[in-house]
Amino acid sequence: MTELTLTVGAPANGGSCVARHDGRVVFVRYALPGERVRVRVTAERGSYWHAETIEVLEASQHRIASLCPIAGVDGAGCCDLAFAEPEAARVLKGEVVANQLARLGDQQWCGAAEALSATGPTGWRTRVRLAVDADGHAGFHRYRSDEVITDIRCAQLIPGMVDGLAAASWPPAAQLHVAVDDDAQRHVVCTARQGRRTATDVVEGSYQAVQRAGERGWKVPVTAFWQAHRDAARFYSSLVADWAQLGAGQTAWDLYGGAGVFAAVLGEAVGESGRVVSVDTSRAASRAARAALSDLPHISVVNDSVRRAVATQPTRADVAVLDPPRAGAGRDVIDLLAGADVPRVVHIGCEAASFARDIGLYRGHGYAVEKIRVFDSFPLTHHVECAALLTR
């Protein structure tokens, strides 16, 4: 493989920093702006290359000893910013979001990512999915690789979360879903392909984990989505309730609603005279939402695509809350919201580029960006969570 010595510049979306070599852009992982590093080229894409740092020749003042014992260029792909001071990492994440907003959303913003809570950069994750290698050992994948690193001491995990799992033998190529719920109960579920079907084995605890936000509880399958950060569900619920500014008798759409965490606070705001429609494609999430919200009959849980559900609503919403997957909401959904004349939108995105693109689509329909906040919801990694309040 080609090795180069480079001085790296600004952070790029995806966890790399930008360097240049003979007219090519080189995206360098495991480096900080201003560092001089020796790198190994991992992929050549014509006018740009990807590389990873194998030696730091001149280190940034913000480089620290890695906070994750298994992450790095020759380790697992779990904590790709574990070598950066947490405060400096939040600044870098803010710079990435600002750049994406300017390029893709025609929106000016500046600031650092905010710490989600006082939990700190380690010990914040309560749900994780582990891979199993051909020998039956659990572990984490290398970055963009099928190879499994059979060391599961990731610094993101709360203490004790994976105790005993490394020593056990598991079905080759299976996946282990591990959750520590809000009753401090650990649940371990193993899923493995058997021909055309997937076998599910509850190894410890139960298939459903108890999760809470505010005064309400949910029973969510361990294999289904729930916020990974122990404080995220409560934090985002409070944010949505504050930004939605709903009153009694109004209507809200909770799009990509999952288990209905946001639907709960929206339903409380509009009261029995109001209406909330929560939409998600996951059957497991919709079942969890119906069970948790059964005492709120003015909340309808729809198991369907957001596009179809919005297109068939008989009345417009006063507020739409969107929390789409990494790909974002996209043009079709945002066109429908604008066509339905929804005057207030709370949009949450977990990928900077798709979030910025969606902001640009809203702006193209005449929406004004009232607020943007960026959260360090995934410490030790390059990932962020972004939230915007838009009005028209």
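Author: Let's start with Phe27, which counts as partly exposed at 22% relative accessibility. Bear in mind that this is a predicted model.

Reader: OK, and which ring forms an aromatic pair with Phe27?

Author: Tyr48 does, and the pair is edge-to-face, with 5.8 Å centre to centre and 80° between the planes. Phe27 sits in strand S3 and Tyr48 in strand S5 (residues 48–58), so the pair ties together parts that are 21 residues apart in sequence. Tyr48 is partly exposed too, with a relative accessible area of 33%.

Reader: What's the strand order in that sheet?

Author: The order is S1-S4-S5-S3-S2, in an open sheet of five strands with mixed pairing. At the edges are strand S1 (3–7) and strand S2 (16–21), each pairing on one side only. From one strand to the next, the twist averages 40°.

Reader: How many bridges between S2 and S3, and in which sense do they pair?

Author: Six bridges, in the antiparallel sense, with S3 covering residues 24–29. As one example, Arg20 has Val25 in S3 as its bridge partner.

Reader: What does UniProt list for residues 1–55?

Author: An unreviewed UniProt entry lists "domain: TRAM" there. In the model, that span is 0% helix and 64% strand, and its end C-alpha atoms lie 15 Å apart.

Reader: And the domain assignment for the chain, what does it give?

Author: Domain 1 (3–63), domain 2 (97–119 + 230–391) and domain 3 (127–221). The C-alpha centres of domain 1 and domain 3 are 33 Å apart.

Reader: Back to rings. How many aromatic pairs does the structure hold?

Author: Eight. Ring pairs also link Phe235, Tyr236 and Phe375 into a cluster.

Reader: Are Trp124 and Phe378 buried or exposed?

Author: Both are buried. Their ring centres are 6.3 Å apart with the planes at 75°, so this pair is edge-to-face. The pair links distant parts of the chain, 254 residues apart: Trp124 is in the loop between strand S6 (114–115) and strand S7 (127–132), and Phe378 in the loop between strand S20 (368–376) and strand S21 (385–391).

Reader: Switching to cysteines: how many disulfides turn up?

Author: Zero in the whole structure. For Cys110, the nearest cysteine sulfur is that of Cys386, 14 Å away. Cys110 is exposed, with a relative accessible area of 69%.

Note on methods:
Residues numbered from 1 in each chain as written. Predicted model: local features only at pLDDT ≥ 70, side-chain atom pairs only at ≥ 80, totals over all residues. Heavy atoms only, no water. Pairing = 2+ DSSP bridges. Helix = DSSP H or I, 4+ residues; strand = E, 2+ residues; numbered from the N terminus. Axes fitted to C-alpha atoms, helices over the stretch in contact; angles between N-to-C directions. Domains from an automatic or database assignment. UniProt positions renumbered as here; feature names shortened; annotations may be inferred. Disulfide = S-S within 2.5 Å. Buried < 20%, exposed > 50% of the residue type's maximum accessible area, 1.4 Å probe, protein only. Phe/Tyr/Trp six-rings, centres within 6.5 Å; stacked < 30°, edge-to-face > 60°.
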